[in-house]
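Hi everyone, thanks for coming.

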Amino acid sequence: MKVLKVTGIILLVILVGILGVVMYVKIALPNVGPAADITIERTPQRIERGKYLAHSVAVCMDCHSTRDWTHYAGPMTSGLGAGGEVFNREMGFPGNFYAPNITPYALASWTDGEIVRAVTTGVNKSGKALFPLMGYHRFGHMDEEDIHSIVAYIRTLPAIKKDIPRSEPDFPVNILINTMPEKAAFSKMPAQEDVTAYGKYLINVSGCVECHSKTDKGQVVPGTEFGGGMEFHQPAGVMRSPNITSDIETGIGKWTSSSFVQRFRMYADSSYHGKSVAATELNTPMPWTMYSGMSEKDLAAIYTYLTTVTPIKNQVIRAEYTAGKDK
């Protein structure tokens, strides 16, 4: 009986400890500090830079707008910034997540500091944690001036009245999500003449590593960076990201800087029209039509940086249909 009593006490202490940790995570976190008390001046230069970043590099509009998945690469349609794109359990996410409306209709009551905090730390206006589907961990390492430019730009978007459902993370992510935000650690953008460092900066902004790596529970598996293999679940099957390391056989080691740049820029041609994609076909999640707006100089810098990344031999099976039929 004495053994059972001691065991019971030990289990009770453990239970109380676990409950204490859960309560701390739910109540005390996230703790990234208050939003900065700032007003970002909307200069023409900032707005132009912010538009370039939001559309063609950080591709904020990729998620925060409606995409037409009946065409190749899901080109952006109407509703610029109005949100609504769904990232759900069927796609492999731990819950149902919805890209929020970032037009003035939704953000009119937000201060500039609150928007900056959300974008760079993952904490919204009310202090709630955001799921890192939005790359705030990356954006928190950008040049602060670039973030200010993005905010200046989205403030100019036409207000679109569109109410978005609240995201619903599954257990235990609904608790763990509070541990994910972290304080921003801004860095200065390297000089464009330092091509490799500048390319690394752009790679971070564009989030290439997040898709072109293997992932586990939403996190990049160490050692697989840029080696491809992330799975995108679609009704027709699974599409996987390609290897973009400089491995000769399985990556882009045979590509030249020119061929890399032109692979993107071909979608910027006014004569380009994406082919129709049926519901029974797989589609690429790569927002080609958005990244195609990146300047040739920036694309070349990204290529230069990728040539410095450790080559990974990983032959990716790009498309795998549910019925086992390749197309």
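Let's start with a pair of strands: strand 1 and strand 2 (residues 95-98) run antiparallel and are joined by two bridges. When I say strand or helix, I mean DSSP runs numbered from the N terminus, with at least two residues of E for a strand and at least four of H or I for a helix. Two strands count as paired if DSSP finds at least two bridges between them. Within this pair, Phe87 stands opposite Phe97 in strand 2.

Before I go on, a word on what you're looking at. This is a predicted model, where local features need pLDDT of at least 70 and side-chain atom pairs count only at pLDDT 80 or more, while totals for chains, interfaces and linings use all residues. Residues are numbered from 1 along each chain as its sequence is written, and side-chain values use heavy atoms, with hydrogens and water left out.

Back to the strands. Strand 2 also pairs with strand 3 (residues 168-169), antiparallel again, over two bridges. There, Gly95 has Pro169 in strand 3 as its bridge partner. Put together, that's an open antiparallel sheet of three strands in the order 1-2-3. Strands 1 and 3 are the edges, each pairing on one side only.

Three strands form it, in the order 6-7-8; it's open and the pairing is antiparallel. Its edge strands, each pairing on one side only, are strand 6 (231-234) and strand 8 (319-321). Strand 6 and strand 7 (residues 237-240) run antiparallel, with four bridges between them. Look for Glu231 there: it stands opposite Arg240 in strand 7.

Let me zoom out for a second. The protein chain has 13 helices and eight strands. Of its 327 residues, 42% count as buried, where buried means under 20% relative accessible area, exposed means over 50%, and partly exposed is in between (1.4 Å probe, protein chains only). Take contacts, meaning heavy atoms within 4.5 Å: among those between residues at least 6 apart in sequence, 68% join residues at least 24 apart.

On to the rings. How many aromatic pairs does the structure hold? Nine. Rings of Phe, Tyr and Trp (its six-membered ring) pair if their centres lie within 6.5 Å; planes under 30 degrees apart count as stacked, over 60 as edge-to-face, and the rest as tilted. Tyr72 and Tyr267 are stacked, because their ring centres are 6.3 Å apart and their planes are at 25°. That pair links distant parts of the chain, 195 residues apart: Tyr72 sits in the loop between helix 3 (60-63) and strand 1 (86-87), and Tyr267 in the loop between helix 11 (257-265) and helix 12 (288-291). Tyr267 counts as buried, because its relative accessibility is 9%.

Another pair, Phe260 and Tyr303, is tilted, with 5.6 Å centre to centre and 45° between the planes. Phe260 lies in helix 11 and Tyr303 in helix 13 (residues 296-306), so this pair ties together parts 43 residues apart in sequence. Both Phe260 and Tyr303 are buried.

These four rings belong to one aromatic cluster, along with Trp255, Phe264, Tyr272 and Trp288. And one last thing to find on screen: the charged end of Arg263 sits over the ring of Trp288, 4.2 Å from its centre. The cut-offs for that are NZ of Lys or CZ of Arg within 6 Å of the ring centre and within 35 degrees of the ring normal.
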